[in-house]
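Subject: Handing over a structure, with notes

Dear colleague,

I am passing on the structure below, followed by an account of what was found in it. Please read the notes beside the coordinates.

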Amino acid sequence: MLIVRRVWHKLVRSSTPRFLYPYPAPALLRAPKLPFTGYTNNSINVKIESKVGWRLFSSQALADGGMSDRIVDVPLAQTGEGIAECELLKWFVKEGDEVEDFQPLCEVQSDKATIEITSRYKGKVAQFQYVPGDIVKVGETLLKMVVEGAQVPPQKHDVTENIISHCSEGEVNKSKTCGVLSTPAVRHLGKQYDINLNDVHGSGKDGRVLKEDIIKHAIQKGIIKDSSGFENADSGDQFLRGEEDYSYVPAELGSQHGDKTIPLRGFQRTMVKTMSMAAKVPHFHYVEEINCDALVELKESFQNNNTEPGVKHTFLPSLIKSLSVAISKYPWINSRFNEDSMEVILKGSHNIGIAMATPSGLVVPNIKNVQSLSILEITKELSRLQQLALANKLNPEDITGGTITLSNIGAIGGKFGAPILNLPEVAIIAIGRIQKVAHFADDGNAYPVSVMTVNIGADHRVLDGATVARFCNEWKQLIEKPELLMLFMR
């Protein structure tokens, strides 16, 4: 008992400022002799002669120097309405890294946007559960972290957690149990072929499971016939590293050109879903040619009188603004169709989407409330969306809520295209490039004219040909005589 008392006094004297004062300790603080009153239920009651008053300490916490560390799961949180899964693009941290609160952990891409996942805890990264390129469902564990127990509410631990929590700090590249060392790429390969790493004999250092070990195990179990079955795994490793080998191989070397399977991810997966649904909707198309001589002069005037170096004027902002004015007269073009209730919703906001080709696939961000924006404001917002799209950094708000879509195929080439609806919108417009052509006037003479071809795709369940034709005539008039826009500016 005396030994316990002396140890207790020693602990309190050496640790009183650390445990008791979240604020700076008084300069004249002394550690007086503390009366030992006994212990009950693994706790020790101590009376401290200070402003702190009574404190109840766990003897286990004192012995450990604080709350014991715990393993916690960090799941993929809900990134947006209707999002069920995301693709893991890259990790910002490595296994074994120390992580602060709200520090970015990884980047994921949903059907709608690219999002950074941040940490809820301060601690150490213990183990990744996925590698870049994997599809992660919402709620599944992205990684495991070692954190102080005080950060996490008490909860029951399963057997696996108890085993992992006793692992040494150096054993960070482990699989689901403490006894298996492996890299994320190897774990990914094992998961591809439904191989439990606990059943694989590791030939690496300290029993680490290598890729060759999985191949050997798979052959022994009859999962594959020979190692050639893992050729796709090699290409998968290249994908995980974010690199591709495009080195040229001369034909005389007799190399074979094999097929290559590429999984669709992110925006490409979205395009598959949306276009498959749109194919079931009855479309019709309306094509028109528009004289853009006045639009060309207007753009040149904007550029010549530009006072903002960071702003580049193009044709598109003027087309977007004139489109919004025409929509105000024909609101059914800017609507949505609810098939379940057989209702048409006329949208009050003109959120005009612009189809953009990016390295990650086709994406359609939209400019919100165009009816309330000036041409200069539209120009700046369009530039912002283009930069974010190229960097794959669009927010969910940027690509949701659109009411009508413009597809500017003329920026790439081509006279016109036949666009497919971007549901649940009821209209989409493809605009071709502006080119000089010869037009005959009423006097029989030919004159050069800047002409743009537009093709309006419409949902025939909601819109009829006459409505689309009248709408197109209104928009055409505003483009050919842009001075009329002044009548509708607010």
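The protein chain exposes about 28500 Å², of which carbon and sulfur atoms supply 53%; accessible areas come from the Shrake-Rupley method with a 1.4 Å probe, and for residues only the protein chains shown count as cover. The model is a predicted one, in which local features need pLDDT of at least 70 and side-chain atom pairs count only at pLDDT 80 or more, while totals for chains, interfaces and linings use all residues. Residues are numbered from 1 along each chain as its sequence is written, and side-chain values use heavy atoms, with hydrogens and water left out.

The overall picture comes first. The protein chain holds 11 helices and 22 strands, where helices (H or I, at least four residues) and strands (E, at least two) are DSSP runs numbered from the N terminus. Of its 490 residues, 38% count as buried, the classes being buried under 20% relative accessible area, exposed over 50% and partly exposed in between, with a 1.4 Å probe and protein chains only. Among contacts (heavy atoms within 4.5 Å) in the protein chain with a separation of 6 or more, 60% are between residues 24 or more positions apart.

Next, the nonpolar cores, a core being a set of buried Ala, Val, Leu, Ile, Met, Phe, Trp, Tyr and Cys residues joined through side-chain atoms within 4.5 Å. The largest has 47 residues, and those touching the most other members are Ile320, Leu406, Ile429, Ile431, Phe471 and Trp475. Several elements supply at least two residues each to this core, including β12 (283–291), α10 (375–390), β22 (446–459) and α11 (465–480), and α9 gives the most, with seven residues. Trp475, leaving aside neighbours within four places in sequence, is in contact with Leu319, Ser322, Leu323, Ala326, Leu406, Ile429, Ile431 and Val454. A second, separate core of 23 residues includes Leu76, Trp91, Ile115 and Ile117.

Which aromatic pairs does the structure contain? A search of the whole structure finds two, with rings of Phe, Tyr and Trp (its six-membered ring) paired if their centres lie within 6.5 Å, and with planes under 30 degrees apart counted as stacked, over 60 as edge-to-face and the rest as tilted. The rings of Trp91 and Phe128 have centres 4.0 Å apart and planes at 10°, so this pair is stacked. Because Trp91 lies in strand β5 (residues 85–91) and Phe128 in strand β9 (residues 123–128), the pair ties together parts that are 37 residues apart in sequence; both residues are buried. Phe471 and Trp475 form a stacked pair as well, at 6.5 Å centre to centre with 15° between the planes. Both lie in helix α11, four residues apart, or about one turn of the helix, and both are buried.

The charged end of Lys299 sits over the ring of Phe315, 4.9 Å from its centre, the criterion being NZ of Lys or CZ of Arg within 6 Å of the ring centre and within 35 degrees of the ring normal. Glu107, in strand β7 (residues 104–109), counts as buried at 7% relative accessibility, and its side chain makes a polar contact with the side chain of Lys393 at 2.5 Å. A polar contact is a pair of N or O atoms within 3.5 Å; within protein, one must be able to donate a hydrogen and the other to accept it, and residues adjacent in sequence count only if both atoms are side-chain atoms.

Finally, the backbone. Most residues other than glycine have a negative phi, and most peptide bonds are trans. Here a cis peptide bond joins Leu423 and Pro424, with omega about 10°, and Pro424 is placed in the loop between β19 and β20. Met342, which is not a glycine, has a positive phi of about 55°; this residue is in the loop between β13 (335–338) and β14 and counts as exposed at 63% relative accessibility. Asn392 also has a positive phi, near 60°, but lies in the loop between α10 and β19 and counts as buried at 14% relative accessibility.

With best regards
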